[in-house]
Structures are given as structure tokens and as C-alpha cells.
Amino acid sequence: MDLLSLSPLANRLIVKMNGLGNEIAVLDLRDSGLAVSGPEARAIGRGEGLAFDQLMVLHEPRSIGADAFMMIYNRDGSQAETCGNGARGVAFLLTRGTPRKGVVLETAAARLECLRAGETIFAVDMGRPRLAWNEIPLRDPFHDTRTIELQIGPIDAPILHTPSAVNMGNPHAIFWVDDVEAYDLARIGPLLENHPIFPERANISLAHVTSRAHIALKVWERGTGLTRACGSAACAALVAAARKGLTGHSAIVSLPGGDLDIAWRETDGHVAMTGPVEFEFETLLDPGLFKDIAA
């Protein structure tokens, strides 16, 4: 069989970007009628230089005023409901070379308004956080999700315990620590991500509040693993910290890849995230990537 006939995704243009080192790939399928399966998403990530934390696949918008509907795939081919760093990357691409100052992107969880704040800086309205236990969602009913009963390690000396839980378009658990580097998140992250208390799995963060205006953060992303930055996790951490009285309603959140400016607006309850995006390269998808899928 001719490789070119293996997949309609073959030889389509794909763009590689990053947001503070959060590796993002963008595939624009608007007007094509095509879709991407989980196995195809994993195959794309095996392309030369295309290893991603999230793959943003653009489809026709579903509502008036939106520019695109985004399907978001994690590295393992599973789907995510939102991605702040990816939204900034898509906003950059859709406004590049135009006088436009912003775009509106739809996801499975939210309608994201993205505004240019600099040449490669974008602000994203991530919407309102969901804080009720059944909205996050959690398996067990917790009256107050500022602290939930969860620990890892011995009962009398747990390694981590009593995180906060927030849904920021996707579920997050934030553990409060004195040093985000003092724990092997690569080892304990998968255990916590897949803990039965999270029926849809969860993003796991270690957060150190260094001042009322600054949070250090390290993230294990659901379906991806350790990442240099996670926009929705930064938003969730600020919301959780503010709810606990550890910070005000705005802070700089420092991740391994750099800083995000997060503000939980008291006017409308929405969370705004501002940060940079970096264009890396664009290429055509190698038909051979899809050979094993079609066989």
C-alpha cells in the first residue's frame, strides 16, 4: 500500500511551539472534515522534533464569534479539556501577520478569550474555577475542597497529604510543601494522578508559597507526566492559595520553564493567565508515522 494513502493526516502542516517549555504542537484541521484519534495523536508525537506535552487540533467553531474549536490531546493520546499554554500558542498563530489583537477559542470545558499583550505575550481568560467536589470531580463528597483527605506514604508519616482540589477546566490537586524539589514527583505523580479519589484522574502539583504574591510550582500533568509548565495548574494553584488565605487574588507563579502572571478577578470570578509563547518550527507530517495504525 502506498504510504500516502495510509492516513488523510499525511503531509498536513503541523506547527511546533512552546509556552515556557510546555511543548505544544498545533494541527489546523478547519475546513478539512478530518479528526484525530488517540493512536494518531501518539503517532504524531513520534515525529522528528514533534514530541509534545499537548497536541492542539483545530476544528470549525461551534458557536458564533469563536475562531476555532480545539480538541486537546495529551502525550499518551488521552484528551484534555483545556490547556492555557496551548491556547496562547494557538492565539499567536491565528493572529500572526494580522492586525488582530485576539481570538476566541472553544474547548470541551470552556470558551477562552485570548488577547495579545505583547509581541509574543498573550493573556487568556480561563473562565471561572469549579470548586464543588462533584464539579472537580472527586469520588467522595467534601464540604470544603480547600483541603481534602488524601495522603501518600505511611499513615503516621505521610510523604504528602491534605491537598487542595480545583477544576480549572480540568481537575487539579495541589499539595502545599516547603520545597517543590524535595519530592520525587516523577515517582509519586503517577500514583496520585490515578488515585481512585479522582474518577477522571488529576493533574498533580507541588506548590510552595514564598510570599503573598509568589508561588513556586512543579507539575505532573495528567496523561503527560512532568512538564516544564502548565497554565491551568498555575491558575488552579493561585485559586487554591487565595482560598486558603495564603496569597491575594493575583500572583506570579514560577514553574521550571518560567513565570506566569495569574489573576483571579473579583469582578467576574474569572481567572486570567498572562505569559509568553515561542514559535519553534513548522513541518509536514511524515506519512510513515501512520503506517502501523492503518495496517
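In this predicted model, helix α4 comprises the 13 residues 231–243, which at 1.5 Å a residue should span 18 Å, and the separation of 19 Å between its end C-alpha atoms agrees with that expectation. The expected span is taken as 1.5 Å times one less than the number of residues in the helix, and helices (H or I, at least four residues) and strands (E, at least two) are DSSP runs numbered from the N terminus. The helix is mostly covered, twelve of its 13 residues being buried, where buried denotes under 20% relative accessible area, exposed over 50%, and partly exposed the range in between, as computed with a 1.4 Å probe on protein chains only. Among the buried residues of α4 are Gly 231, Cys 235, Leu 238 and Val 239, together with several alanines that include Ala 233 and Ala 242. Just after α4, Gly 245 adopts a positive phi of about 75°.

Residues are numbered from 1 along each chain as its sequence is written. Local features require a pLDDT of at least 70 and side-chain atom pairs count only at pLDDT 80 or more, while totals for chains, interfaces and linings use all residues, and side-chain values use heavy atoms, with hydrogens and water left out.

With a salt bridge defined as a side-chain nitrogen of Lys or Arg within 4 Å of a carboxyl oxygen of Asp or Glu, the count comes to 15 salt bridges. Glu 23 pairs in this way with Lys 16, their closest N and O atoms being 2.4 Å apart; Glu 23 is partly exposed, at 24% relative accessibility, whereas Lys 16 is buried, at 2%. Both residues belong to a network of salt bridges in which Lys 16, Glu 23 and Glu 280 are linked.

A salt bridge also joins the side chains of Arg 75 and Asp 53, with an N to O distance of 2.3 Å. This pair links distant parts of the chain, Arg 75 lying in the loop between β4 (68–74) and β5 (79–80) and Asp 53 in the loop between α1 (38–44) and β3 (54–59), 22 residues apart. Arg 75 is partly exposed, at 41% relative accessibility, while Asp 53 is buried, at 4%. In a further salt bridge, Asp 140 and Arg 139 have their closest N and O atoms 2.9 Å apart, and here Asp 140 is partly exposed at 26%, as is Arg 139 at 46%.

Arg 62 lies over the face of Phe 69, at 3.6 Å from the ring centre, the criterion being that NZ of Lys or CZ of Arg is within 6 Å of the ring centre and within 35 degrees of the ring normal.
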